[in-house]
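Please read them with the sequence and the coordinates at hand.

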Amino acid sequence: MKRLKVKNDFIFQKIFGESKNKDILISFLNAALELDDSNKLEDIEIIGGVELDRDSPDDKLGILDIRAKTVEGESINIEVQLVNQFNTDKRTLFYWSKIFTEQLKKGQPYIELRKTITINILDFNYIKSDKYNTVFHLW
């Protein structure tokens, strides 16, 4: 019997990206983000329609694997990549920046911007490290 891999986009989205399974996504996020008991996510909204907004038809289309929002308004994007297309850093920053900037509408103050988190699950070596988990911050 052939087994399907969880890292397959379709299977991953079925397990983690459906509202009926949001407890699985919450558990994954609490572990991946290493949240302690005082900061653990209790609830999350899984956002459907994973195409990023484009300002014009000529703009690059971004299609996310899983997009969610915390009760505090923090945006989370989870991406699965099985093949190294040698653009992980630029693609990640592109998706992150679109999600971050989509938060504000005309007239809203910048203070209303909330944290935006991207989690990449890669099936290839991207960073030379013995660690399986690497965290980056934009400052």
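1. Does Lys22 count as buried, partly exposed or exposed, and at what relative accessibility? The model is a predicted one, and in it Lys22 has a relative accessibility of 29%, which places this residue in the partly exposed class. Lys22 forms a salt bridge with Asp43, and the closest N and O atoms of the two residues are 2.7 Å apart. Because Lys22 lies in helix 2 (residues 22–32) and Asp43 in the loop between helix 2 and strand 1 (44–47), the pair ties together parts that are 21 residues apart in sequence. Asp43 also counts as partly exposed, at 34% relative accessibility.

2. A search of the whole structure finds four salt bridges, and one of them joins Arg67 to Glu102, with the closest N and O atoms 2.9 Å apart. Arg67 lies in strand 2 (residues 66–70), whereas Glu102 belongs to the loop between helix 3 (88–101) and strand 4 (116–122), so this pair ties together parts that are 35 residues apart in sequence. Arg67 counts as buried at 11% relative accessibility, and Glu102 likewise counts as buried, at 16%.

3. Lys14 and Glu18 form a further salt bridge, in which the closest N and O atoms are 2.8 Å apart. Lys14 is partly exposed, with a relative accessible area of 38%, and Glu18 is partly exposed as well, with a relative accessible area of 22%.

4. Helix 2 deserves a separate comment. Its buried residues are Leu25, Ile26, Leu29 and Asn30, and, seen down the helix axis, the buried residues of helix 2 fall within an arc of 135 degrees, so they line one face of the helix. In general, an α-helix has 3.6 residues a turn, so residues three or four places apart point the same way. On the other side of helix 2, Asp23 and Ala31 are exposed. The cover over the buried residues of helix 2 includes helix 1 (9–16) together with strand 1, strand 2, strand 3 and strand 4. After helix 2 comes Glu34, which has a positive phi, near 50 degrees.

5. The structure holds one cavity of 30 Å³ or more, and about 80 Å³ of space lies in the largest cavity. The residues that line the largest cavity are Glu79, Gln81, Thr88, Arg91, Thr92, Tyr95, Thr118, Asn120 and Leu122. Strand 3 (75–81), helix 3 and strand 4 are the elements that give two or more residues to this lining, and helix 3 supplies the largest share, four residues. By residue class, the lining of the largest cavity divides into two nonpolar, five polar and two charged residues.

6. A last point concerns Val135, which is placed in the segment after strand 4. Val135 counts as exposed, at 54% relative accessibility. Between Val135 and Ser38 there are 97 residues of separation in sequence, and their C-alpha atoms are 21 Å apart in space.

Methods:
Residues numbered from 1 in each chain as written. Predicted model: local features only at pLDDT ≥ 70, side-chain atom pairs only at ≥ 80, totals over all residues. Heavy atoms only, no water. Salt bridge = Lys/Arg side-chain N within 4 Å of Asp/Glu carboxyl O. Buried < 20%, exposed > 50% of the residue type's maximum accessible area, 1.4 Å probe, protein only. 1 Å grid on protein atoms, 1.4 Å probe; cavity = no way out; pocket = protein on both sides within 12 Å on 5 of 7 lines; lining within 4 Å. Points joined across faces, edges and corners; volume = space filled by probe spheres on them. Nonpolar A, V, L, I, M, F, W, Y, C, P; charged D, E, K, R; others polar. Arc of directions from axis to C-beta. Contact = heavy atoms within 4.5 Å.
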